Amino acid sequence: MPLRLLLTTFVSMLISTSLLYGNEQTLPPRLEPGVSRELARWRAAHYSNVRYKLGIELAPNAEQMRGTAEIRVTLNGEASDLILDWRDTPREGQPQRRVWDIEVNGQAANDAQVANEHLRIPKARLVKGENIVRLKFESPVSASGSAITRYRDREDNREYIYTLFVPSDASTAFPCFDQPDLKARFTLDVTAPQTWKVVSNTNVKSETINGAAPKFIRFRETEPLSTYQFAFAAGEFAEFKDSTSPQGTRIFVRQSKSERMKKELDEVFRLNREALKFFASYFDYKFPFSKYDLVVVPEFAYGGMEHAGATFLREESILFPSDPTANDLLARAELMFHEAAHQWFGDLVTMRWFDDLWLKEGFATFMAYKAIEAIMPERGNAWKAFYQRTKPSAYLTDVTKGTTPIYQQIPNLSAAKSAYGNIVYRKAPSMLRQAEFFLEPQRFQRAVQILLKEHAYSNAEWSDFVRAFERTSGKKLDSWADAWVKRRGMADVRVRWTADAQNRIDSFALEQQDVLGEGGRWPLRLRLLLAYRDAPPQTLTVTLNSTGQTLVKEFVGRPRPDYVFANYEDYGYGRFLLDDRSRAYVLAHLNEVKDDFLRALLWGSLWDSVREAELAPADYIELALRHVAGEQDEVTTQSILARMATAFNRYLSDAQREALAPRLEEMIASRMMNAESAGLRITYFRAFQSVATTDAGRTQLKKILKGEMFVPNLTLRSRDRFDIITALLAQDDRDAPALLEAQASADTTDDARRYHFAARAATPDAVNKKKYFVAYLNDTKLAESWIEASVNPFNSLRQSNLTLPYLDAALRELPKLKRTRKIFFVNNWLAAFIGGQRSAEALAIVQKFLSENSLDPDLRLKVLEAVDGLERTVRIRSKYANEGGAN
């Protein structure tokens, strides 16, 4: 073929392709359900100056919310079709979503099309510059499965409605550009019953009441927000205002909990006030929104949600259902501080895409503990609590084949829920603590301030943070950042040392391996400890090199230590097991370690040895039986007791449990009655329920329930009573069913109905198990909060023979659950159904499921993460349990 003809043909093909598919720079990409990364990038480049004016009608008992929307958007460059997101497909059991009366720039747009979860406006109706789209819409309001949720309080029959749009569910409520980097200003008008209060991101601008008709409320325009940060809640709330708050903070709570809220009001307001003050100072940036309210929501799906100017909080996290321990009080403070930190890091500056979700979530948790350190010194060392409350969950995930890098590629926002989990919420803040230590605190803080100022009311990526770190530290950090954020897994750091005949160290090295065996290395900066029984400790800060072995010449010639620990003060992130000599010493002398933080770290390292099958679980229990009573910190005590319960219930054989149970029950029961503080007694009371397996132990529980035995300073509340009965049902106690029905008859509150439902799931009866499982799958009216409350009792370890038949079926539901349920649901589902087993037979079922089914990569990883605990259980029992194959 002549060259000229060849070129002519090639150019013709290019022109034809351009006409067929469109110019990539001027036309949107092919549409698919959800919001693809390509569509988001294209819209961010071509759309700007977005504004939403929403008008909604809220009515009692309505299954639909009707509304109007005026959407203003500036089109940059040559006009092309306007693509809005509108997920009109209803979920099972919900009414249809619909949109109608679409008008574009003053003209009816009957040619607008809804397809593949998008609303497409033809380019012929658009102009370069600002365009105005007006439309009407209708979307569902339901008790479960929708972005707009109704909660009916059975105690007084009052109704409450609230939204939850994260990560990309705003487009199930109204058409919008449902991506985080198309921030917009919102104006909200609401028509609602006169007795209802409505709260949103800004203050009310005006409120109009005409006769008996519903009232009309107009809210002020917001600052630029991502769609998932927009929210409203409505109902007959009780309202409390902090008159001393610069932000004019109000708390909204359902009427039936108003008296309960009054008892907590002063402390909740204080924590909130001090947190906002601390963050404004640390960030060197005043509170970025016009006001800050707290809405306390019953049965809220998450602990909290940081809507700009209006954080929603789960009711049970603020108003404790049982007498609180120090751990409970810390959990509440962490939650409030986490959500408050988001007002700056998450709302003021938002990640550009959900692959950087960790940046806002990890940072909010890290900052929460900086606030605890500053605001709550009476709670002891905040970073000891951080180690005990944050890192264990990160480590549980990061040693599994199901772990992911902190940065997770999200090709479509329909998969954004997969990013949520321990890596984002637990590993990311742990990495940031290491980053602060690596860079030094002042430089770290200055970088954060730079990022907030330069990206205020806009979006940022991890690379922007790295550039800010480089500016303040003077270091090139690309390889450091990639190692921590783009590599999955973590380091296993071992100390190798020897001493000569004169008892002087003659060699000392740190060896780093990848726990997953994938060859990873992490740039760790650690503080090493040489500990002596009769001399002061010696410490040294060391940065591990990239070779896998770091020689520590500074320690050569120093006196032989009694033990060595590689992560003193817990700046590092990884697995830090004791060497054989150090472990032997610590096992014999743990109670002699006076440093509370160090002792907590050593307890944790020994537990890691149990999980790695290097230390017998029975030995750990024996150690705790000897020394846990000497621990006066409630958080440390709770951590040790939880590990004892895991070892007792999961890792021991039946014969080992039967032999050990009386002593274990006796020790915990004694501390439950005689521990030095009310918080410790409550901590032991809760632990007793998980290990009371003998007739004597269950009798004690029944005496407490009946008021024949009293735990000093413990008020036995509804939640406590149902928890006791749940424990008895799980042990197949013959009195438990009657006790459950008696308690349900005596306690008819709304909370008690949920507790009753959850407890009954533990009834050891095949018919009952089938009834619950069918309800989980088919009852569209069953609230997610009720399912999540009951799946653990359903999967009680002692009933694994009854629940094993449901394991494969539960796994087969995963694609549907991922598609229809909220964030965290799949994680909790897997943790319950796989976590309720401990046999090789159950492990084989999961492995067979993985080998025979083509799951999407995210779900496969989640199953691999969940099954790691079962694999460890089988491995540990095969090595240490007397009855090899016992269930």
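Predicted model: local features only at pLDDT ≥ 70, side-chain atom pairs only at ≥ 80, totals over all residues.
1. **The largest cavity.** Fourteen is the number to keep in mind here: 14 residues line the largest cavity, and Lys417, Lys818, Val826, Asn827 and Lys862 are the closest to its centre. If you want to find the spot on screen, look for helix 27 (814-820), helix 28 (825-835) and helix 30 (857-880), the elements that give two or more residues to this lining. What is the lining of the largest cavity like by class? It has 6 nonpolar, 2 polar and 6 charged residues.

2. **The second largest cavity.** This one has a lining made up of Phe345, Gly346, Val349, Thr350, Met351, Leu359, Lys360, Leu451 and Ala460. Strand 21 (349-351) and helix 6 (357-375) each supply at least two residues of that lining. Strand 21 has the largest share, with 3 residues. By class, the second largest cavity is lined by 6 nonpolar, 2 polar and 1 charged residue.

3. **The second largest pocket.** Now for an open space. The second largest pocket has a volume of about 990 Å³. It is lined by 46 residues, and the closest to its centre are Leu413, Ser414, Ala415, Lys417 and Lys818. Helix 9 (422-439), helix 27 and helix 30 are the elements that give two or more residues to the pocket lining, and helix 30 gives the most, with 5 residues. Sorted by class, the pocket lining has 16 nonpolar, 17 polar and 13 charged residues.

4. **Two helices that cross.** Helix 6 turns up again here, this time with helix 3. A quick reminder: two packed helices are described by the angle between their axes and the distance between the axes. The axes of helix 3 (residues 258-283) and helix 6 come within 10 Å and cross at roughly 110 degrees. On the helix 3 side, the contact is made by Arg270, Glu274, Ala275, Phe278, Phe279, Tyr282 and Phe283. Helix 6 brings Phe363, Met367, Lys370, Ala371, Ala374 and Ile375 to the contact. By class, that comes to 10 nonpolar, no polar and 3 charged residues.

5. **Aromatic rings.** The whole structure holds 71 aromatic pairs. One to look up is Tyr776 with Trp829, an edge-to-face pair at 6.0 Å centre to centre, with 75 degrees between the planes. Tyr776 sits in helix 23 (residues 766-778) and Trp829 in helix 28, so the pair ties together parts that are 53 residues apart in sequence.

6. **Two backbone details.** Is the peptide bond from Val166 to Pro167 cis or trans? That bond is cis, with omega near 0 degrees. You'll find Pro167 in the loop between strand 10 (158-163) and strand 11 (184-192). Then there's Glu117, which has a positive phi of about 65 degrees although it is not a glycine. Glu117 is in a loop too, the one between strand 6 (113-115) and strand 7 (118-121).

Technical notes: Residues numbered from 1 in each chain as written. Heavy atoms only, no water. 1 Å grid on protein atoms, 1.4 Å probe; cavity = no way out; pocket = protein on both sides within 12 Å on 5 of 7 lines; lining within 4 Å. Helix = DSSP H or I, 4+ residues; strand = E, 2+ residues; numbered from the N terminus. Nonpolar A, V, L, I, M, F, W, Y, C, P; charged D, E, K, R; others polar. Axes fitted to C-alpha atoms, helices over the stretch in contact; angles between N-to-C directions. Contact = heavy atoms within 4.5 Å. Phe/Tyr/Trp six-rings, centres within 6.5 Å; stacked < 30°, edge-to-face > 60°. Points joined across faces, edges and corners; volume = space filled by probe spheres on them.
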